[in-house]
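Please take a moment to look over the sequence and the 3D structure shown here. The paragraphs that follow lead through them step by step.

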Amino acid sequence: MGVESHERLTEGAEAKLLEEAVQTSYRKAGEETSLTDQVSKQTVKNKLHKLAFPQQKEIGRKKKEVEYLYIDADEDHVSLQFKEKQGRFP
């Protein structure tokens, strides 16, 4: 039948379970999957959380390099930046 040892669901039932869990709740997905018995919502959650998706890599995106970087700062923020260290301000 294609069921391995210690396996309770076939691949088709697991696929239906995950498909239903996307559309409805874990409980309803467990009820809809099996004709004779229901799968617990904890089992649905565990199956869903065990899924591993491959990480997408950024394709050929090169960062821009600049010769000069200009920074415009407000004098209040610059002078107050190290106030504890300087000890000038109350």
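Accessible areas are computed by the Shrake-Rupley method with a 1.4 Å probe, and for residues only the protein chains shown count as cover. On this basis the chain exposes about 9200 Å², of which carbon and sulfur atoms supply 50%. The model is predicted, so local features need a pLDDT of at least 70 and side-chain atom pairs count only at pLDDT 80 or more, while totals for chains, interfaces and linings use all residues. Residues are numbered from 1 along each chain as its sequence is written, and side-chain values use heavy atoms, with hydrogens and water left out.

The predictor's confidence in each residue is given as pLDDT, on a scale from 0 to 100. The chain averages a pLDDT of 77, and 74% of the residues score at least 70. Confidence is highest in α3, at a mean of 87, and lowest in helix α4 (residues 75-79), at 58.

Helices (H or I, at least four residues) and strands (E, at least two) are DSSP runs, numbered from the N terminus. The chain holds five helices and zero strands, and from the N terminus on its elements run α-α-α-α-α.

A residue is called buried when its relative accessible area is under 20%, exposed when it is over 50%, and partly exposed in between, using a 1.4 Å probe and protein chains only. Of the 90 residues in the chain, 11% are buried. A nonpolar core is a set of buried Ala, Val, Leu, Ile, Met, Phe, Trp, Tyr and Cys residues joined through side-chain atoms within 4.5 Å. The largest such core has seven residues in all, namely Leu9, Ala13, Leu17, Ala21, Ala29, Val39 and Val44, and its largest share, three residues, comes from α1. If contact is taken as heavy atoms within 4.5 Å, then Ala21 is in contact with Tyr26, Ala29 and Val44, leaving aside its neighbours within four places in sequence.

Tyr26 is also touched by Lys41, which touches Arg27 as well when residues up to four places away in sequence are not counted. Lys41 lies in helix α3 and is exposed, with a relative accessible area of 55%. Although Lys41 and Gly30 are eleven residues apart along the chain, their C-alpha atoms are separated by 6.1 Å.

How many salt bridges does a search of the whole structure find? With a salt bridge defined as a side-chain nitrogen of Lys or Arg within 4 Å of a carboxyl oxygen of Asp or Glu, the search finds two. In one of them, Lys47 pairs with Glu14, with the closest N and O atoms 3.6 Å apart. Because Lys47 lies in helix α3 (residues 41-49) and Glu14 in helix α1 (residues 11-23), this pair ties together parts that are 33 residues apart in sequence. Lys47 is partly exposed at 25% relative accessibility, and Glu14 is partly exposed at 24%. A salt bridge also joins Glu31 and Arg27, whose closest N and O atoms are 3.0 Å apart; being four residues apart in helix α2 (residues 26-33), they are separated by about one helical turn.

On the surface, Val66, Leu69 and Ile71 form a nonpolar patch, with about 380 Å² of accessible area together. Patches are made of residues with over 30% relative accessible area and no salt bridge, where like charges are joined within 9 Å and nonpolar side chains (Val, Leu, Ile, Met, Phe, Trp, Tyr) within 5 Å. Leu69 is found in the loop between α3 and α4, and is exposed, with a relative accessible area of 70%.
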